[in-house]
Amino acid sequence: MTTSFTIGDYEITAVLDGPSTARDPGTIFTEVPDEAWNPYRSFALNSDGKWQPDWRSHLIRSTSGERPTILVDTGMGDVVHEHTGERGKLLDNLAALGVQPEDIDIVVTTHCHGDHIGWNVAYDGDMPSLTFPNATHWIASRDWEHYSKSENDNPAFDKSVKPLESLGALKLIDGIEQLAPGISTLPTNGHTPGHQCILVESGGQTAVITGDLFHSVAQVTEQSWCPTFDWNTAMSTQSRKSLLMLASTQEWIVFTGHLATGSSIGKVVSEDGKSVWKAL
Ligand SMILES: [Zn+2]
């Protein structure tokens, strides 16, 4: 199973934190009638007809060993999950790649939902500390401003993002920001106010890490389908369509936040006039 690809001077690796709970797709994609899933059921839903995404991060390392070492998102975190009885495995899976928490220089967050920020901060009682002690956390200021307002209640943000400020690890960013030569953020707002993808351009190749631009492989074809998690569905649909169009025409390699391990990395190709996912 391939979880790594080299893009010019960089290696990008999908790193699993764990499988999420399996849910009835109708409870997540509430506007999509059950029969509309039929063409996608065999590969977009599990054998029980449930939608079951994975939680994962992506590691970006230079092939020559140069810094920075970049982690995109930090999974659901160090909690025991009821449906597996196990803790998130992000740190174990990073260690298996030879990466310790202190090796991470930058954590860039696609958006401030609980399944993407979980490992940011550890707690000893009420006292937060940084899981990645040498990392600066790059957070979209639009998410920071939105979730800092009490009316936009987001306990995961309060637990895992807000403390970054007092811990001296917060870097708020706007728009397109370069993390390293050829690596930048790309705003794709809508899933949250500040949702962003990470673009990696090197050696004539381009890859994109898509966060929660889409949550099901069916959405590569049905690009206007939105899960209930999307903050602004008109905006998320526009962002999804624009990015998937670019990924298709420019033949980008696409690293997804939630598609099943084994088919989470792929290309968007045109088949019989439709956009479809081709796992690599
Ligand atoms: Zn997510």
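Biologist: What makes β5 and β8 a pair?

Modeller: This is a predicted model, and in it β5 (residues 106–108) and β8 (residues 136–140) share 3 bridges. Two strands pair if DSSP finds at least two bridges between them, so β5 and β8 count as paired. Their sense is parallel.

Biologist: Which residue stands opposite V108 in β8?

Modeller: W138 does. Looking beyond its neighbours within four places in sequence, V108 is in contact with W138, and also with I70, V72, L179, T185 and I198.

Biologist: Why are β1 and β9 called edge strands?

Modeller: The open sheet has 7 strands, in the order β1-β2-β3-β4-β5-β8-β9, with mixed pairing. Strands β1 (4–7) and β9 (170–173) each pair on one side only, and they are the edge strands. From one strand to the next, the twist averages 25°.

Biologist: What lies across β8 and β9?

Modeller: Helix α5 (residues 141–148), which runs at about 75° to β8.

Biologist: Which residues of α5 are buried, and what do they pack against?

Modeller: R142, D143, W144 and Y147 are the buried ones. They pack against β8, β9 and α6 (155–160).

Notes:
Residues numbered from 1 in each chain as written. Predicted model: local features only at pLDDT ≥ 70, side-chain atom pairs only at ≥ 80, totals over all residues. Contact = placed C-beta atoms within 7 Å. Helix = DSSP H or I, 4+ residues; strand = E, 2+ residues; numbered from the N terminus. Axes fitted to C-alpha atoms, helices over the stretch in contact; angles between N-to-C directions. Buried ≥ 20, exposed ≤ 12 C-beta atoms within 10 Å, placed from the backbone.
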